[in-house]
Amino acid sequence: MTNFSLRAIRTQPRAVPFALALTILALLVFSFAAVRDFAVQAGIPEHLAWLFPVLIDGMIAGSIIAMLFLRHLATREQRAGAEAKRN
């Protein structure tokens with residue numbers, strides 16, 4: 001990053017999460033449209049085609065949430081183990 005962009009991030013800290021959320025929303029919309037179109041081309045009726053991207057994106061989101069939760073548990077156990085060694 002250039003010095004200018006670093007300065008912009010420091011002066012506007014709320015802009016980064018907003019830009020990230022907007023980017024993720026755009027990616028989800030385009031992903032949904034593309035996967036729904038693929039389902040229609042694969043022969044799934046149009047009134048059911050929306051289920052295909054919902055299931056796929058739902059499984060991805062569930063996997064990410066489970067991974068983050070398990071990572072949180074692992075770090076909590078590591079901290080508890082390190083604390084027990086100190087005592």
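**View 1. The crossing of H2 and H3 is right-handed.** This is a predicted model. The two helices, H2 and H3, pack at an angle of about 130°, and their axes lie 8 Å apart. H2 is therefore oblique to H3; angles over 145 degrees would count as roughly antiparallel, and those from 65 to 115 as roughly perpendicular.

**View 2. Residues of H2 and H3 form the contact between these helices.** On the H2 side, the contact is made by Ser31, Phe32, Val35, Arg36, Phe38 and Ala39. H3 contributes Phe52, Pro53, Val54, Ile56 and Asp57.

**View 3. Phe38 and Phe52 form a tilted aromatic pair.** The count of aromatic pairs comes to 1. The ring centres of Phe38 and Phe52 are 6.3 Å apart and the ring planes stand at 35°, so the pair is tilted. Planes under 30 degrees apart would count as stacked, and over 60 as edge-to-face. The pair links distant parts of the chain, with Phe38 in helix H2 (residues 15–41) and Phe52 in helix H3 (residues 51–86), 14 residues apart. Phe38 is exposed, at a relative accessible area of 51%, whereas Phe52 is partly exposed, at 29%.

**View 4. The protein chain contains 3 helices and 0 strands.** Read from the N terminus, its elements run α-α-α. Of the 87 residues in the protein chain, 6% are buried. The protein chain exposes about 7,600 Å², and carbon and sulfur atoms supply 70% of that area.

Key: Residues numbered from 1 in each chain as written. Predicted model: local features only at pLDDT ≥ 70, side-chain atom pairs only at ≥ 80, totals over all residues. Heavy atoms only, no water. Phe/Tyr/Trp six-rings, centres within 6.5 Å; stacked < 30°, edge-to-face > 60°. Helix = DSSP H or I, 4+ residues; strand = E, 2+ residues; numbered from the N terminus. Buried < 20%, exposed > 50% of the residue type's maximum accessible area, 1.4 Å probe, protein only. Areas by Shrake-Rupley, 256 points an atom, 1.4 Å probe, with all protein chains shown as cover. Axes fitted to C-alpha atoms, helices over the stretch in contact; angles between N-to-C directions. Parallel < 35°, antiparallel > 145°, perpendicular 65-115°, else oblique. Left-handed = near helix turned anticlockwise from the far one by under 90°. Contact = heavy atoms within 4.5 Å.
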